Amino acid sequence: MLSRRPRRNRISTAVRELCAETGVRPADLVMPLFIQDGKGRADEIKNYAGYIQIDEGLKDKTASLSYNKDCFYLRSIADIKRRFPDLAVITDTAMDPYSSDGHDGIFSEGGRILNDETLEILGRMALAQAEAGADIIAPSDMMDGRVGYIRNALDNAGFQDKLILSYTAKYASSFYGPFRDALQSAPKHGDKKTYQMDMRNVREAMTEAELDVQEGADMLMVKPGLPYLDVISKLSQSFNIPVAAYNVSGEYAAVKFAALNGALDYRAAVTEILLSFKRAGADFILTYHASEAAQWLTEKA
Ligand code: PBG
């Protein structure tokens with residue numbers, strides 16, 4: 001007779017629930033939102049299926065709209081915090097949606113991305129977002145030294161209690177397409193490979209994480225999510241601060257379109273994907289599936 005029968009632990013729903021090692025709670029989910037200047041329009045974004053297009057803003061070389069106090073997105077944050085004071089608002093801090101070059105750093109004549117000059121802009125943007133009421137500042141640009149620079153700028157302005165969620169291991173990925181369509185933020189020249197990470201590397205992610213922790217990051221993030229579960233796993237085992245996964249726009253589109261075409265059961269597939277992030281060690285997940293998934297999880301409970 002077999003003495004070990006692992007199937008016994010899968011015998012019934014009740015037993016399977018007792019043995020479940022991980023789970024997803026609605027509170028683990030972060031919903032990324034795009035804000036459109038208030039014209040009441042709701043154009044669907046190409047390749048997002050269900051998401052709303054934002055307007056092309058007033059873009060320039062230094063992304064000055066991003067820290068202009070009157071900018072609609074900063075006013076929206078203040079409105080949201082007035083109406084929902086308990087909500088934790090996370091802001092993406094990067095130049096690209098406001099940059100006429102579509103880059104996350106200042107694009108020089110010779111085509112170089114200027115690191116240290118960009119930090120100054122990121123500092124201003126982070127401060128403007130904090131002043132508007134953002135709780136968590138999330139730099140997504142991959143410039144060297146941005147976490148320390150932003151921490152310092154926030155502290156000097158009295159914002160010691162604002163958190164920094166660093167896009168620590170952000171890879172130069174093909175999965176950001178629908179996001180760039182939404183914000184019309186694709187690079188106008190070149191690509192992002194001199195600052196976003198090389199997809200073949202994981203030690204590089206460790207270096208970025210070590211620096212971010214030293215510079216004062218409160219939380220780390222890996223992005224994209226599904227093709228980089230190994231990186232999530234490694235960072236969550238190596239660092240003692242929360243690690244987030246960003247299940248990005250192209251991952252969302254892939255599942256959404258497969259489901260719309262009848263190739264996947266949407267709810268089952270999304271549940272499986274969210275669990276894969278938790279199993280890999282992610283503490284929370286930024287995902288465009290968030291509101292739907294939160295709904296299912298609440299119904300289930
Ligand atoms: C801005 C930014 C990007 C994403 C999040 N912040 C685009 C990029 O770096 O090109 C992508 C998110 C997604 O695809 O869902 N730097």
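Start by selecting Met-142, in the loop between β5 and α4. Helices (H or I, at least four residues) and strands (E, at least two) are DSSP runs numbered from the N terminus. Residue numbers start from 1 along each chain as its sequence is written. You're looking at a predicted model, where local features need pLDDT of at least 70, side-chain atom pairs count only at pLDDT 80 or more, and totals for chains, interfaces and linings use all residues.

**Stop 1**

Most residues other than glycine have a negative phi, and most peptide bonds are trans. Is Met-142 buried or exposed? It counts as buried because it has 24 C-beta neighbours inside 10 Å. (The cut-offs: buried means 20 or more other C-beta atoms within 10 Å of a residue's own, exposed means 12 or fewer, and partly exposed is in between, with C-beta atoms placed from the backbone.)

Now jump to Gln-184, in the loop between α5 (177–183) and α6. Its phi is positive too, about 45 degrees, although Gln-184 is not a glycine. With 16 C-beta neighbours inside 10 Å, Gln-184 counts as partly exposed.

Next, pick Lys-223 and Pro-224: a cis peptide bond joins them, with omega about -10 degrees. Pro-224 sits in the loop between β7 and α7.

**Stop 2: the sheet**

Switch to a cartoon view and colour the strands. There is an open sheet of 7 strands, paired in parallel, in the order β1-β9-β8-β7-β6-β5-β2. (Two strands pair if DSSP finds at least two bridges between them.) Which strands are at the edges? They are β1 (29–30) and β2 (90–93), each pairing on one side only. Helix α3 (residues 115–132) packs on this sheet, touching β2 and β5 (136–139), and its direction makes about 160 degrees with that of β2. Contact here means that two residues have their C-beta atoms, placed from the backbone, within 7 Å. As for the angles, axes are lines fitted to C-alpha atoms, for helices over the stretch in contact, and angles run from 0 to 180 degrees between N-to-C directions.

- β1 and β9 run parallel, joined by 2 bridges; Val-30 stands opposite Leu-286 in β9.
- β9 (residues 284–287) is covered on both faces, with Phe-284 and Leu-286 buried on one side and Ile-285 and Thr-287 buried on the other.
- β8 and β9 share 4 bridges and run parallel; Ala-244 has Phe-284 in β9 as its bridge partner.
- β7 (residues 219–223) is joined to β8 (residues 243–247) by 3 bridges, and Leu-220 faces Val-243 in β8.
- β6 and β7 pair in parallel over 5 bridges; here Ser-166 stands opposite Leu-220 in β7.
- β5 and β6 pair in parallel over 2 bridges, with Ile-136 partnered by Leu-163 in β6.

Stay on β6 for a moment: 7 of its 8 residues are buried, so it is largely enclosed by the rest of the structure. The chain gets from β5 to β6 through α4, in a right-handed β-α-β crossover. (Right-handed means that, with the strands pointing away from the viewer, the path from the first strand over the helix to the second runs clockwise.)

**Stop 3: helices**

Select α4 (residues 146–156), whose buried residues include Val-147, Tyr-149 and Ile-150. The buried residues of α4 pack against α3, β5, β6 (163–170) and α6 (203–215). After α4 comes Gly-158, with a positive phi near 85 degrees.

Then show α7 (residues 229–238) with α9 (residues 266–280): their axes come within 8 Å and cross at roughly 35 degrees. Leu-229, Ile-232 and Ser-233 in α7 meet Ser-276, Phe-277 and Ala-280 in α9.

**Last stop: the ligand**

Finally, select the ligand and what surrounds it. Which residues are there? Asp-92, Ala-94, Asp-96, Asp-104, Ser-140, Asp-141, Tyr-176, Phe-179, Arg-180, Val-248 and Ser-249 form the surroundings; each has its C-beta atom, placed from the backbone, within 6 Å of the ligand. By class, this shell has 4 nonpolar, 2 polar and 5 charged residues. (Ala, Val, Leu, Ile, Met, Phe, Trp, Tyr, Cys and Pro count as nonpolar, Asp, Glu, Lys and Arg as charged, and the others, Gly among them, as polar.)

Methods: Two strands pair if DSSP finds at least two bridges between them.
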